Amino acid sequence: MLAKLFSRGTFGMSRFERLASADLSGLRLIKKVSGEMIRDERRRRHITQEQFARALNVSGRWIREIETGNPAARLEDHLHGAMLLGLPTAHISLAILFVASGMPVPRHILHSQTAGLERECVDLIAAGSIKALTSELTPHWWPEQANG
């Protein structure tokens, strides 16, 4: 298993080497912007860091780490915090797709209202899933138009 993980791939680089050389500055940016959004919404609602920490089941210090965008903070905690506050999460989830694709994160994803974009993505994926499931579960003896 480890041999496969470190096997040589594209351009003679192992998967490990490609991961190690990946530009993760986008992840740091995601955490910084996400932390600011969480902090601003928490303050807008007059929720203390300690109250928010209890709701997230983490320490007050960890909330400060999240809100300051500390690179050590887990994206899972950013997602949980954003969801708990009712914030859209596209600024995290869509931005990760760009980072994973080796592309710069579009600033408008991080700094604009993304609820509509988030909903469009979910709708697109749901529609594709429904279409695939319908095709898979349609009996072969049904007329062709029923198969999609």
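Which residues make up the largest nonpolar core of the chain? The core has ten residues: Ile38, Phe52, Ala53, Leu56, Ile63, Ile66, Ala73, Ala82, Leu85 and Leu87. The model is predicted. Its chain has nine helices and zero strands.

**The largest core**
- Two helices, H4 (49-56) and H5 (60-67), each supply at least two residues of this core.
- Helix H4 gives the most, with three residues.
- Ala53 is one of the core residues.
- Leaving aside neighbours within four places in sequence, Ala53 is in contact with Val58, Ser59, Gly60 and Ile63.
- Of those partners of Ala53, Ile63 also belongs to the largest core.

- Another core lies apart from the largest one.
- This other core has eight residues, including Ile30, Ile92, Ala95 and Leu110.
- In soluble globular proteins, nonpolar side chains tend to be buried together.

**The fold in outline**
- Read from the N terminus, the elements run α-α-α-α-α-α-α-α-α.
- Take the contacts between residues at least 6 apart in sequence: 52% of them join residues at least 24 apart.

- The chain has 148 residues, and 29% of them count as buried.

Technical notes: Residues are numbered from 1 along each chain as its sequence is written. This is a predicted model: local features need pLDDT of at least 70, side-chain atom pairs count only at pLDDT 80 or more; totals for chains, interfaces and linings use all residues. Side-chain values use heavy atoms; hydrogens and water are left out. Helices (H or I, at least four residues) and strands (E, at least two) are DSSP runs, numbered from the N terminus. Buried means under 20% relative accessible area, exposed over 50%, partly exposed in between (1.4 Å probe, protein chains only). Contact means heavy atoms within 4.5 Å. A nonpolar core is a set of buried Ala, Val, Leu, Ile, Met, Phe, Trp, Tyr and Cys residues joined through side-chain atoms within 4.5 Å.
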